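Trainee: May we go through the aromatic contacts and strand pairing of this protein together?

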Amino acid sequence: MREILQSNWVACALLVLGAFSPGANAQDAAVPEGLGFEAGPFRFVPSLGLTYSYDDNVARTAEFEQGTHFHVVSPGIRVELPTRNALLSLTWEYDFGRYRSYRIGGFDYDGLDDYDDRLLALDLSWSPTSRHRIEAWAMDVEGHDDRGVGSRQGFGALEPIPVDTWEESSVGARWEYGGTTARGRLTLDAGLDQREYTNNPDYTSFRSYDSRHLGAGFDWRVRSRLRLGVGVDSADFSYD
């Protein structure tokens, strides 16, 4: 049994997750009016988040359950350049995660669960006509796998070494044909993704991968508030 008790404090401008999601359209991607500040043609929206939590089974094991407190500080900023029919945005986010020291089976895990995650994303949403919408994005991420997940489950999670870390880069694009009031809409999308694990090779050497994604979808408005859709997706993963 694992339980996390969590409290959150957010200061400055709170950014909705959808606003940072690559590939969101211009309306969905734009930060709500009233947040941030403008300088010339640019709009700047800073953010700062603070999360304090308690995890009663940090290693996610059936035996040797041990709890600990941790906090995450999350600064970020989003820069937008809107035009008449397009929105270009650059997003930077950081998560500093720090765990209180704990012991399992005589081993000290001081600092071994700490992490510094980073995200840098560039998004473009462009509507050259009322029927065409093109979205493109590129991301560079440094992240981690929590203790007890991924390659380190069960007793592997108890080894007193740092959590697995990785670097990931991805690019993608989506084309949509059909206006917001059109009866039918067609969507095509494609993307490339690469993840490379950067430590603990005894556990992670087989987990790095490249992937390719292709997708297509079509939906039809049968009533004013009812649309029926069909889609097909293909993903190809190649592991090192």
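Predicted model: local features only at pLDDT ≥ 70, side-chain atom pairs only at ≥ 80, totals over all residues.

Mentor: Residues are numbered from 1 along each chain as its sequence is written, and side-chain values use heavy atoms, with hydrogens and water left out.

Trainee: How many aromatic pairs does the structure hold?

Mentor: Rings of Phe, Tyr and Trp (its six-membered ring) pair if their centres lie within 6.5 Å; planes under 30 degrees apart count as stacked, over 60 as edge-to-face and the rest as tilted. By this criterion, the number of aromatic pairs in the structure is twelve.

Trainee: Which geometry do phenylalanine 64 and phenylalanine 155 adopt?

Mentor: The ring centres of phenylalanine 64 and phenylalanine 155 are 6.5 Å apart. Their planes meet at 65°, so the pair is edge-to-face.

Trainee: How many residues apart are phenylalanine 64 and phenylalanine 155?

Mentor: Strands are DSSP runs of E with at least two residues, numbered from the N terminus. Phenylalanine 64 lies in the loop between β3 (42-55) and β4 (68-82), and phenylalanine 155 in the loop between β9 (132-144) and β10 (165-177). The pair thus links distant parts of the chain, and its members are separated by 91 residues.

Trainee: Is tyrosine 102 buried or exposed?

Mentor: Buried means under 20% relative accessible area, exposed over 50%, and partly exposed in between (1.4 Å probe, protein chains only). Tyrosine 102 has a relative accessible area of 4%, so this residue is buried.

Trainee: What is the relative accessibility of phenylalanine 155?

Mentor: Phenylalanine 155 counts as exposed. Its relative accessibility is 60%.

Trainee: Over which ring does arginine 195 lie?

Mentor: A charge sits over a ring if NZ of Lys or CZ of Arg is within 6 Å of the ring centre and within 35 degrees of the ring normal. Arginine 195 is at 3.7 Å from the ring centre, over the face of tryptophan 166.

Trainee: How many bridges join β10 to β11?

Mentor: Two strands pair if DSSP finds at least two bridges between them. Strand β10 runs antiparallel to β11 (residues 184-197). The number of bridges joining β10 to β11 is twelve.

Trainee: Which residue in β11 is the bridge partner of glutamate 167?

Mentor: The hairpin of β10 and β11 has six residues between the strands. The partner of glutamate 167 in β11 is glutamate 196.

Notes: Helix = DSSP H or I, 4+ residues; strand = E, 2+ residues; numbered from the N terminus.
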